[in-house]
Amino acid sequence: SGESSVARPMKLLIPGCAVTSSAAREFSLLMAIRTWNNPVLPFHCCPLHSALWEMRASMRSLERSKCRPHFAPTAEMQCEHCGILSLADDADEDSVEDEKLQYCYVCRAFSIRLISNPFARQSL
């Protein structure tokens, strides 16, 4: 066959940054649904699965929305361990200025650094 077995690098929303881990993505989704007050219907086994049901409905609605070709994460920092993105506002300003590693609320490592992101502070 004429196909190459060499893997091509994947395109990332923020080039030069790490991919966010599955564990970090799941944690951030759980954090999001913990800010919602949704009904727990009789066919749901528990509040978590009820919230996940609502999240799925919201995701389906967003999938049907119009495309946003310029959608990008607005992060200014990234955890080098789990890959979660965050804003500098979430960090201790003195540490950011001193370029010290920040504490990651997801993986609990001191591994968050400033990143170069041309989309930082872009609105939805």
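## The largest pocket

By class, the residues lining the largest pocket comprise 14 nonpolar, 3 polar and 1 charged. Here Ala, Val, Leu, Ile, Met, Phe, Trp, Tyr, Cys and Pro count as nonpolar, Asp, Glu, Lys and Arg as charged, and the others, Gly among them, as polar. The model is a predicted one, in which local features need pLDDT of at least 70 and side-chain atom pairs count only at pLDDT 80 or more, while totals for chains, interfaces and linings use all residues. Residues are numbered from 1 along each chain as its sequence is written, and side-chain values use heavy atoms, with hydrogens and water left out.

Select T20, S28, P73, I84 and L85: of the 18 lining residues, these lie nearest the centre of the largest pocket. A pocket is an open set of points on a 1 Å grid over the protein atoms alone, where a 1.4 Å probe fits, with protein on both sides within 12 Å along at least five of seven lines; lining residues have an atom within 4 Å of a point. The space in this pocket is about 640 Å³, a volume being the space filled by probe spheres set on the grid points, which are joined across faces, edges and corners.

Next select residues 22-33, helix α1, which gives the most to the pocket lining, with 4 residues. Helices (H or I, at least four residues) and strands (E, at least two) are DSSP runs, numbered from the N terminus. In helix α1, pick A32. A C-alpha to C-alpha distance of 10.0 Å separates A32 from A51, which is 19 residues away in sequence.

Move on to H44, in the loop between α1 and α2 (47-63). H44 counts as buried because its relative accessible area is 11%. Apart from neighbours within four places in sequence, H44 has contacts (heavy atoms within 4.5 Å) with H49, S50 and W53. Between the side chains of H44 and S50 there is a polar contact of 3.3 Å: a pair of N or O atoms within 3.5 Å where, within protein, one must be able to donate a hydrogen and the other to accept it, and residues adjacent in sequence count only if both atoms are side-chain atoms.

## The sheet

Now display the strands. They form an open sheet of 4 strands in the order β2-β1-β4-β3, with antiparallel pairing. Its edge strands, β2 (85-86) and β3, each pair on one side only. Two strands pair if DSSP finds at least two bridges between them.

Select β1 (residues 77-79) and β4 (residues 110-114), which are antiparallel and joined by 3 bridges. Q78 has R113 in β4 as its bridge partner. Finish at the β3-β4 hairpin, where 6 residues lie between the strands and R108 in the turn has a positive phi of about 65°.

Technical notes:
Buried means under 20% relative accessible area, exposed over 50%, partly exposed in between (1.4 Å probe, protein chains only).
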